[in-house]
Amino acid sequence: MKRSNFLAGTLSGLAVVANTQHVFAQALAQTPLSGLPGAANRCLVLINLQGGNDGLNCVVPHGDAQYYQVRPTIGIARNDVLSVNDRIGFNPSMRSFKAMYDKGMVAVMQSVGYPNPDHSHFRSTEIWQTAAPDKYEHTGWLGRYLDEANLPKDNLFNGVAIAQVLPEVMVAGKTDVPAIAQISGYGLISDRNNSASMAYTKLVSDNRLPFSSPYLAHVAEIEDHAQKGSQELPKLIAGYKPAGAYPATPLGRSLALAAQIVGSNLGTRVLYVQHGSFDTHVGQKATQDRLLGELSDAIKAFYDDLAAHGNDNRVLTMTFSEFGRRVAENASRGTDHGEASLLFLIGGGVKGGIYGAYPDLADTNMGNLKFDTDFRSVYATVLERWLGRPSAPILQGQFATIAALG
Amino acid sequence: MATALTPRTDVAGIYRPAGHLDIATALAPYKGLWDARLAAHLFRRAGFGSSPDEAAHFASMGVHAAVDGLVNFAPTDGLPAPDNLYDPRTTLMQYFQVGMRPGALDDMTKRKIGQEVRQNERQSIISLQRWWLNRMLVTPAPLQEKMALYFHGHFTTAAIQKGVSPVMVYNQNQLFRNNALGNLRELTWQVSIDPGMMIYLDNARSDPQHPNENYARELMELFTLGIGNYSEQDIRESARAWTGWILRPRDGTVQFVPFRHDSGSKTFLGQTGNWAGRDIVDVIFKQPDSAVFFANSLLNFFVYNGPEPQLVDAVAKLIRKNDFNLKPVMSTLLRSKVFYSNRAYRALVKSPVEFTIGTYKALGAKAIDDRAQRALLQMGQILFYPPNVAGWPGGANWLTSQTVIARENFLASIVNSPMMDGVDWMQKMPLKASQAAQQLVATVLHGDASAQSVAQLTDYLNGAGTSALGMLSGENYPERIRGAAYLTMAMPAYQLN
């Protein structure tokens, strides 16, 4: 049998797609705006610090003698801390982040957590992502936002996860969020052949199959979206050029793609990226310092790039992690799973400063920090004061908002 | 404080099939029609798929002989062993002279050693992955490898991070293989003192003054009981009981050192005693929840997702009756009515490993090629590197834009490879487009496509959408058949197990 490449065929199929490019821009213009001025152009970037970031070595309570007693080997020396005030300061690897803080671009939310904290990575990650500490919820809080925000239904990029696996936070009831690890490799080889491309489009929507499966509708939808999305996205973002270099780290690459998507005006409202692993049971210092340095440098490059394109004021970035870590270090120069910790709000809309109660190392839950601010209050703040949506239906309860956002 | 476990059906991306479970007959032996379609179903679940010839062969045997063959497999010692596994000590020996202290090396050299070790370990793991994938493809005991894959996702350990060496990865993999249809209690104990696991979940670093809770927690949460069936206090007490097990620095073997063991009294799951690690495992397996947990896990992996509590209870009863011996449990499950019910058929999403090896199987390949590992990376399943200690989440979570594109592109690439020249059934395709389309759907999908889709394939074979429209002919035949084979495998049914 003679071999020839059926896929290396005509490229004419691509011309069909090109005509649909402007549908998004049109749909966007018709979107019912939320109550907040400018909210329709805003974007939230969520950074998941996977594994449980140790808050106490991230923003260090250098004014608290007890900190140095319980962390004799991994405590960060007072002289090394990038001091914010006489109580706390940033980890020394976060120099560029501290500079952003000094410019008023960063709000530090201290002592964030939830009642009856769970120490399991998976359950606590799920709790933060679904915003449901008391029950098993199927959808993520940003997924529910996407479902309820009256966004254009034909836009495949209302939310984008820069990840190989769709994170639970983006799982929605009515919206399929593409998970894209990197833009190269995001395309079907068969779309290079017009005839195969057309047949594919029809075959994946076969809905008269001689069997049933709980996954069938999902498979068909994802196959369809994978084809449409990958045909369109590379062209839609091709015109964007970053203003400067990003660090050559996975997070640097993810945020570079995030800036490109934001700057290409696809109507993307929520973006997810991840960084880690912060699960520092053993030899914490080297790992966490490296990860915090990478975080700091990538965020700096991201906002420099956004600012150069005039997008910095319409992008709010928020970090989260499933829990903080045990106050005292363990025998392996690491820390075990803990409870309350801190998160950062960065960029658009942020009123820089320190918010929430300082961590109290003397009054703990069996060695774990107590929480002062429920994380759902931070979510409510982001939903109401940034994305312009009522938070109660999404969070399934009313939570007070915080002054950290304008 | 342990409460009855309710198996979760509301986990993100995990869907239970619609319809009604007939619990009264669910585990009764299946006595209905047995054909190549159901034989292929059995081998997709209990193995890694089948070639058309194999499916026909198993169909001719009947369901009971086919299942008997799967669970009573002969020893597989004759299969090839992996290539030599890299031992970091060989690199260290090159740099150290006898009597030299580690401090004698400068930082630059230490960094260089570190890089060399990591690189060699990575290469060794890649070669070990290739060995396992090939074993899945050619083994005469597919259920043994399928159970090893199940246990790898259940009792997770990730290579290299934290210092889990290729030798440890291989030994753990062999542990799963050797206990494939063995006793779950015994396997859990063996896993607990497996060097790779002891490093991955930190028991090797625990001591009585600061017991490390990582293993104690995951042992109950992810391996045996499930969340909500123990207290935080139980975790702390279990962590104390596990102290004393160390890895000997000389050779990495496991040793119990009494003076590093907390021999005081512990109250664990309501029972008080001077418990050590083995006691912890035994106490856990006395909890009714442990059988429920494994029943739920096995049903999710082999039958369908989100199994009903009644079905879970019935399988849990079976597990307890057999004192956690898996062979009779799997033997019952794989010949049960519920396993062959319409609700279970194509009710799971193929994992990337199932998708990839199943494709090589369908093509009758004797070995995987370079595509497999690259594709698995892009599809989101790298053997020996589970995403976290909970393993791969499965279900709809396997399918995102990125991973679906990786799946389709793997197929597109393989149909254009020289491998296709050796595929028997591809050589015997009819020349008439409609017949070729029928035959592709029958061979690759066991008929799981609609008449409309067969018509679409026929149109494609006849040149629809090309500038040089023309019926299937001798000239365009090879190219179009390859294209149609790709399109058949790109249909939704092929993503489902």
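Me: Let's start in the strands. Which residue does Asn48(A) stand opposite in E8(A)?

Reply: Asn48(A) sits across from Phe320(A) in E8(A). Keep in mind as we go that this is a predicted model.

Me: Noted. How many bridges join strand E1 of chain A to E8(A), and do they run parallel or antiparallel?

Reply: There are 6 bridges between E1(A), residues 43–50, and E8(A), and the two strands run parallel.

Me: And why is E8(A) largely enclosed by the rest of the structure?

Reply: Because 6 of the 6 residues of E8(A), which spans 315–320, are buried. Both of its faces are covered: Val315(A), Thr317(A) and Thr319(A) lie on one side, with Leu316(A), Met318(A) and Phe320(A) on the other.

Me: What about E8(A) and E9(A), how do they pair?

Reply: E8(A) and E9(A) pair in the antiparallel sense, over 3 bridges. Within that pairing, Leu316(A) has Gly347(A) of E9(A) as its bridge partner.

Me: I've clicked on Leu345(A). Where is it found, and is it buried or exposed?

Reply: Leu345(A) belongs to strand E9 of chain A, residues 341–347. It counts as buried because it has 26 C-beta neighbours inside 10 Å, and the cut-off for buried is 20 or more.

Me: Which residues does Leu345(A) touch, leaving out those up to four places away in sequence?

Reply: Ala107(A), Met109(A), Leu316(A), Met318(A), Val350(A), Ala404(A) and Leu405(A). Ala107(A) is also the bridge partner of Leu345(A).

Me: How far apart are the C-alpha atoms of Leu345(A) and Val106(A)?

Reply: They are separated by 5.8 Å, although the two residues are 239 residues apart along the chain.

Me: Changing topic: how many residues of chain A are in contact with chain B?

Reply: 64 residues of chain A are in contact with 72 residues of chain B. On the chain A side, the elements giving two or more residues are helices H5 (121–130), H7 (194–203) and H8 (216–237). H8(A) gives the most, with 10 residues. By type, the chain A side divides into 33 nonpolar, 22 polar and 9 charged residues.

Me: At what angle do H8(A) and helix H18 of chain B pack?

Reply: About 90°, with their axes 9 Å apart; H8(A) and H18(B) are therefore roughly perpendicular to each other.

Me: Which residues meet in that packing?

Reply: From H8(A), Ile222(A), Glu223(A), His225(A), Ala226(A), Gly229(A) and Ser230(A) meet Ser401(B), Val404(B) and Ile405(B) in H18(B). That contact divides into 4 nonpolar, 4 polar and 1 charged.

Me: Last one. What is the strand order of the open sheet of 3 strands in chain A?

Reply: The order is E2-E4-E3, with antiparallel pairing. E2(A) (59–60) and E3(A) (82–83) are the edge strands, each pairing on one side only. 2 bridges join E3(A) to E4(A), residues 89–90, and Ser83(A) stands opposite Gly89(A) in E4(A).

How values were computed:
Residues numbered from 1 in each chain as written. Chains lettered and ligands numbered in written order. Predicted model: local features only at pLDDT ≥ 70, side-chain atom pairs only at ≥ 80, totals over all residues. Helix = DSSP H or I, 4+ residues; strand = E, 2+ residues; numbered from the N terminus. Buried ≥ 20, exposed ≤ 12 C-beta atoms within 10 Å, placed from the backbone. Contact = placed C-beta atoms within 7 Å. Nonpolar A, V, L, I, M, F, W, Y, C, P; charged D, E, K, R; others polar. Axes fitted to C-alpha atoms, helices over the stretch in contact; angles between N-to-C directions. Parallel < 35°, antiparallel > 145°, perpendicular 65-115°, else oblique. Pairing = 2+ DSSP bridges.
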